[in-house]
Amino acid sequence: MSPPEVPSFRNHILGRDREPRSGLYLDVVDPSRGTVLSRFPRSDARDVDEAVAAARGAFPAWASTPAPARGEVLFRAAELLKQRKDAIARVLSREMGKRLEEARGDVQEALDTAWYAGSEGRRLFGRTAPSELREKVGWTVRRPLGVVGVLTAWNFPVAVPSWKILPALVCGNTVVWKPAEEAPESGALFAQCLWDAGLPPGVLNVVHGYGEECGAALVAHPDVQALTFTGSTAVGRLLAESAGRALKRVSLELGGKNPVIAMPDADPELCVDGVLWGAFGTAGQRCTATSRLILVGDVGDRILPALVARARALRLGDPEDPTVEVGPLVSARQRERVHGYVQTGLREGAELLCGGVLPVTEPGFFYPPTVLDRVARGSTLAMEEVFGPVLAVLRVRDLDEAIAVANEVPYGLSSSIFTRDVNAAFRAVERIEAGITYVNAPTIGAEAHFPFGGVKCTGNGHREGGWAPYEFFTELKTVYVDYSGTLQRAQIDNRGDAER
Ligand code: NAD
């Protein structure tokens with residue numbers, strides 16, 4: 001039972017806060033203390049029906065609002081996000097355990113996205129091409145899709161939703177969003193910025209709850225034209241199947257198993273800095289986290305001792321404490337899962353260099369930065385996403401083998417190579433199967449104005465970030481105008497006398 005003083009939140013539908021129809025609430029737990037922080041609605045299909053109806057009702061007016069005016073709402077929301085950045089970051093850090101500095105980065109990414117998406121209101125470019133007939137012109141315009149269903153994970157509870165919601169809105173769609181049940185409050189504060197900025201009622205509706213009961217109802221709803229999802233590959237597959245049957249458009253951003261290749265000529269200090277940040281930043285709970293370190297030749301001798309010493313020294317603790325370097329995992333369940341992977345790795349022959357032990361003193365869900373060496377190709381730890389502070393080290397002979405290892409997982413999100421050899425860098429960029437490749441930088445650190453996403457089981461070909469999502473959130477309409485005053489038949493009347 002939750003203590004009575006725990007704040008309780010509502011859904012937000014058609015501009016008003018609403019109780020869930022079930023009357024039930026779920027507890028949100030502080031992962032660094034194990035205590036209940038807040039209560040959020042445990043919504044079901046009835047709440048989703050109301051939210052979709054509100055979004056459907058708001059669609060015609062929002063779709064016909066000039067796109068630059070839609071963009072201006074986003075600019076005003078950006079101002080509010082800026083003013084509230086610290087307050088939102090504190091809530092975010094507390095509810096999902098990310099260090100405060102990183103939590104500010106999460107909100108900053110939403111701010112950057114708001115500026116970009118707001119300005120897209122003055123672009124949303126169509127194209128024109130010459131007609132094959134005289135006195136005839138053709139061009140394309142972008143039209144919104146309708147109601148978009150948004151489903152997101154807890155690890156970037158503000159940034160990732162912003163990548164979806166802000167482009168969807170500026171394109172003229174209306175939205176129903178189900179935030180992750182583990183970290184819903186920071187998302188609610190983000191949405192509040194949009195409502196306070198003057199977004200009309202019904203244009204963005206938020207329903208909270210569990211994936212299987214609330215999320216699944218949103219996915220299945222016949223009045224939702226498109227779905228955009230960030231989460232696990234297993235749930236992504238369910239969504240794709242359901243959306244496929246209903247011929248809904250669906251964008252999936254799923255798991256990763258991201259490699260860093262360290263070449264023999266890598267700058268050892270830079271490489272250690274990059275791998276530490278990539279593997280243990282956000283306690284490894286990023287879809288782009290460095291999960292595999294592929295050591296080429298004898299480079300391990302120059303990298304591993306320092307890497308292990310520094311990993312061991314990283315300070316675990318309360319994410320709001322500025323001296324802390326690694327916060328907790330999001331839940332007890334996630335920590336069990338991570339520890340299970342480490343034990344499986346050891347059973348399969350890996351060698352533990354540091355970490356790998358459950359802390360016994362802290363009340364929260366902490367797990368120490370863990371490095372396992374000599375992880376076998378094809379073993380569980382080499383192939384599966386862990387989503388925690390666990391780095392699998394693999395050793396290879398040369399760049400060709402490193403790229404083969406990098407590519408032999410089912411995922412393809414981020415990747416990196418540390419080298420001073422320009423040829424090796426370009427070969428890696430060309431041959432690594434991933435949506436993102438960094439050279440001499442960690443696998444994490446995407447910027448809001450570049451496309452973001454992955455290949456293979458990381459997604460289904462769409463990209464978020466930068467200019468890419470505007471394709472997803474609009475339909476193209478092609479317009480022809482014939483001002484010749486006569487019937488002109490394409491492919492026939494322009495062939496000339498010679499062909500007649
Ligand atoms: P998850 O798939 O369990 O949940 C994600 C969201 O889907 C949550 O809102 C959840 O409530 C909802 N959901 C769960 N089951 C559902 C169902 N049957 N129908 C509809 N909705 C459902 O993922 P998670 O464990 O919360 O997040 C971690 C995963 O997210 C990792 O695999 C990580 O790599 C991935 N991720 C990917 C990216 C990316 O951009 N590629 C970014 C962040 C996280």
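This is a predicted model: local features need pLDDT of at least 70, side-chain atom pairs count only at pLDDT 80 or more; totals for chains, interfaces and linings use all residues.
1. Seven strands form an open sheet in the order S14-S15-S16-S13-S12-S18-S19, and the pairing is mixed. Strand S14 (351–354) and strand S19 (438–439) are the edge strands, each pairing on one side only.

2. A parallel pair within the sheet. Strand S12 (residues 258–262) and strand S18 (residues 416–418) run parallel and are joined by three bridges. Ile261 stands opposite Ile417 in S18.

3. Helices on the sheet. Helix H12 packs on the sheet and touches S12, S13, S16 and S18; the direction of H12 makes about 160° with that of S13. Helix H9 (residues 300–313) lies across S12, S13, S14, S15 and S16, and runs at about 60° to S14.

4. The pair H12 and H13. The axes of helix H12 (residues 399–407) and helix H13 (residues 422–431) come within 11 Å and cross at roughly 30°. Angles under 35 degrees count as roughly parallel, and H12 and H13 are therefore roughly parallel to each other. Their crossing is right-handed.

5. Residues between these helices. Leu399, Asp400, Ile403 and Asn407 in H12 meet Ala424, Arg427, Ala428 and Arg431 in H13. By class, this contact has four nonpolar, one polar and three charged residues.

6. The hairpin. Strand S3 (residues 25–30) pairs with strand S4 (residues 35–41) in the antiparallel sense, over six bridges. Asp30 has Thr35 in S4 as its bridge partner. Four residues lie between the two strands of this hairpin, and Gly34 in the turn has a positive phi of about 75°.

Methods
Residues are numbered from 1 along each chain as its sequence is written. Side-chain values use heavy atoms; hydrogens and water are left out. Axes are lines fitted to C-alpha atoms, for helices over the stretch in contact, and angles run from 0 to 180 degrees between N-to-C directions. Angles under 35 degrees count as roughly parallel, over 145 as roughly antiparallel, 65 to 115 as roughly perpendicular and the rest as oblique. A crossing is left-handed if the near helix is turned anticlockwise from the far one by less than a right angle, and right-handed if clockwise. Contact means heavy atoms within 4.5 Å. Ala, Val, Leu, Ile, Met, Phe, Trp, Tyr, Cys and Pro count as nonpolar, Asp, Glu, Lys and Arg as charged, and the others, Gly among them, as polar. Two strands pair if DSSP finds at least two bridges between them.
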